Amino acid sequence: MKFIVCETPKEIGEKIGQEIIALVQKNPKAILGLATGSSPLPVYDVLANAYQAGKVSFRETKSFNLDEYINPPFEEATYRYFMKENLFSRVDIRLENTHFPSERNPEEYDGEIAAAGGVDFQVLGIGRDGHIGFNEPNTPFDSRTHITPLTESTREANARFFHSLEETPHEAVTMGLGTIMKSRHIVLIASDLSKVDAIRSLLKGQKDLLWPATVLVDHPSCEIFVTKDVYEAAKQ
Ligand code: GLP
């Protein structure tokens with residue numbers, strides 16, 4: 001696990017965006033693992049700009065998103081909609097090549113990922129409580145794609161995407177921690193001070209079930225991108 005400290009979220013977006021562009025230029029059939037939330041948005045801007053400038057094509061690329069809400073109150077709240085708005089409609093990826101876990105058959109998602117060849121490059125954000133995807137504290141480190149209740153902390157953090165906390169979903173379907181660990185390369189982004197405790201848990205370098213992202217300490221190719229303010233605060 002390598003920490004990469006950047007001045008701004010934009011710099012993080014630029015660095016990760018360039019890694020993905022280089023991968024897709026080399027292997028147009030690359031399999032991307034994608035995340036929602038505010039953290040990856042600068043990455044998606046870099047990908048969209050590179051596509052629009054003719055530098056890269058995602059025509060043969062496949063994607064597998066980390067997670068999806070169960071019973072969101074309106075379509076615009078789904079992660080599929082979020083991805084269309086923020087990435088898919090801005091590049092030439094084919095929508096039939098974009099995948100999301102489904103509450104109907106979560107157990108099939110790991111097999112679909114494996115059948116496609118496995119995730120080459122996984123993008124992760126991180127929750128305040130250290131969740132990745134929607135793997136909340138105490139999720140087993142070897143978990144596969146599954147349905148999970150959301151903690152109150154996560155619902156409060158995500159209520160900004162809904163009209164009220166009451167409307168915020170209580171459940172989601174998410175890749176498991178074991179699913180995520182199978183990715184060949186992983187980048188995690190933390191660019192907001194609400195993530196300081198979660199980053200501190202990673203800096204300790206030891207697996208802790210209460211901090212799900214610490215599963216990554218065992219990954220052979222994982223980069224943790226943090227802004228300087230988050231890093232400095234986490235070190236204290
Ligand atoms: C949600 C998503 C996570 C994401 C987290 C952080 O809970 N399921 O995948 O990492 O939000 O979001 P943000 O980047 O907006 O802080």
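**Pockets and ligand site**

Author: The lining of the largest pocket divides into 14 nonpolar, 14 polar and seven charged residues. Here Ala, Val, Leu, Ile, Met, Phe, Trp, Tyr, Cys and Pro count as nonpolar, Asp, Glu, Lys and Arg as charged, and the others, Gly among them, as polar. The model is predicted: local features need pLDDT of at least 70, side-chain atom pairs count only at pLDDT 80 or more, and totals for chains, interfaces and linings use all residues. Residues are numbered from 1 along each chain as its sequence is written, and side-chain values use heavy atoms, with hydrogens and water left out.

Reader: How much space lies in the largest pocket, and which residues are closest to its centre?

Author: Rolling a probe the size of a water molecule over the atoms shows where empty space is left. A pocket is an open set of points on a 1 Å grid over the protein atoms alone, where a 1.4 Å probe fits, with protein on both sides within 12 Å along at least five of seven lines; lining residues have an atom within 4 Å of a point. The largest pocket holds about 630 Å³ of space. Its lining numbers 35 residues, with Gly37, Ser38, Asn158, Arg160 and Phe161 closest to the centre. The largest share of this lining, four residues, comes from α5.

Reader: Where does the ligand sit, and which residues are closest to it?

Author: The ligand sits in the largest pocket (more than half of its atoms lie within 2 Å of the grid points). Surrounding the ligand are 13 residues, the closest being Ser38, Ser39, Asp67, Arg160 and Lys195 (a heavy atom within 4 Å).

Reader: Which polar side-chain atoms lie by an oxygen atom of the ligand?

Author: A polar contact is a pair of N or O atoms within 3.5 Å. A polar side-chain atom of Ser39 lies 2.5 Å from a ligand oxygen atom, and one of His131 lies 2.8 Å from an oxygen atom of the ligand.

Definitions and conventions: A polar contact is a pair of N or O atoms within 3.5 Å; within protein, one must be able to donate a hydrogen and the other to accept it, and residues adjacent in sequence count only if both atoms are side-chain atoms. Grid points are joined across faces, edges and corners, and a volume is the space filled by probe spheres set on the points. Helices (H or I, at least four residues) and strands (E, at least two) are DSSP runs, numbered from the N terminus.
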